[in-house]
Amino acid sequence: MNLDRLNCARCQATLTPGSGKLWEVCIQAAADPWPPEFTEEDLQRNVRRDWAALIEQMKDLSAREAMEQVYRQQVIYLCSACFAAWYENPAQ
Ligand SMILES: [Zn+2]
């Protein structure tokens, strides 16, 4: 990252590293982290065939693409005003 040109991810204001007037926000997102519920029917299925089909579906994905299907993270920088607004209501 070029720290000579750091801008707020929301309002594009120029941010000055070391000024104490910006926030580094690390966002981590994981696909549904709860284990799936299995039915009796699921337990009767041919798991080996299901795994083979899953592996076939994923064979053309890079490691990064496969990881991005279940986990993502990014770092953004916000000015103090945008951080305050985001922190009050991060889901908007
Ligand atoms: Zn801002």
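**Core and surroundings**

Reply: Six residues make up the largest nonpolar core: Leu15, Leu22, Leu78, Cys79, Cys82 and Phe83. Bear in mind that this is a predicted model.

Me: Which elements each supply at least two residues of this core?

Reply: Strand E4 (71-79) and helix H4 (80-88) each supply at least two.

Me: What does Leu78 touch, not counting residues up to four places away in sequence?

Reply: Leucine 78 touches Cys8, Ala9, Arg10, Leu22, Trp23, Val25, Phe83 and Trp86.

Me: And cysteine 79, which residues is that in contact with, leaving aside neighbours within four places?

Reply: Cysteine 79 is in contact with Cys8, Cys11, Ala13, Leu15, Lys21 and Leu22. Its place is in strand E4.

Me: Why does cysteine 79 count as buried?

Reply: Cysteine 79 has 20 C-beta neighbours inside 10 Å, and a residue is buried if 20 or more lie within that distance.

Me: How far is cysteine 79 from methionine 58, C-alpha to C-alpha?

Reply: Those C-alpha atoms are separated by 40 Å, with the two residues 21 apart along the chain.

Me: Changing topic, what's the overall layout?

Reply: The protein has four helices and four strands. From the N terminus on, the order is β-β-β-α-α-α-β-α. The radius of gyration is 21 Å, well over the 12 Å that the globule rule gives for 92 residues, so the protein is more spread out than a compact globule.

Me: What does the C-alpha trace span along its principal axes?

Reply: About 60 × 30 × 20 Å.

Me: How much of the protein counts as buried?

Reply: Of its 92 residues, 7%.

Me: On to H2. How many of its 12 residues are buried?

Reply: The count is zero, and H2 is hardly covered.

Me: What should helix H2 span, and what are its end C-alpha atoms apart?

Reply: H2 covers residues 47-58, and at 1.5 Å a residue its 12 residues should span 16 Å. The end C-alpha atoms are 16 Å apart, which agrees.

Me: Where is alanine 29, and is it buried or exposed?

Reply: Alanine 29 sits in strand E3 (residues 22-30). It is exposed, because it has 10 other C-beta atoms within 10 Å and the cut-off for exposed is 12 or fewer.

Me: How far is alanine 29 from arginine 48?

Reply: Their C-alpha atoms are separated by 30 Å, and the residues are 19 apart along the chain.

Me: What is phi of glutamine 12 near?

Reply: Phi is near 70°, a positive value in a residue other than glycine.

Note on methods
Residues are numbered from 1 along each chain as its sequence is written. This is a predicted model: local features need pLDDT of at least 70, side-chain atom pairs count only at pLDDT 80 or more; totals for chains, interfaces and linings use all residues. A nonpolar core is a set of buried Ala, Val, Leu, Ile, Met, Phe, Trp, Tyr and Cys residues joined through C-beta atoms within 7 Å. Two residues are in contact if their C-beta atoms, placed from the backbone, lie within 7 Å. The expected span of a helix is 1.5 Å times one less than its number of residues. The radius of gyration is taken over C-alpha atoms; the globule rule is 2.2 Å times the number of residues to the power 0.38.
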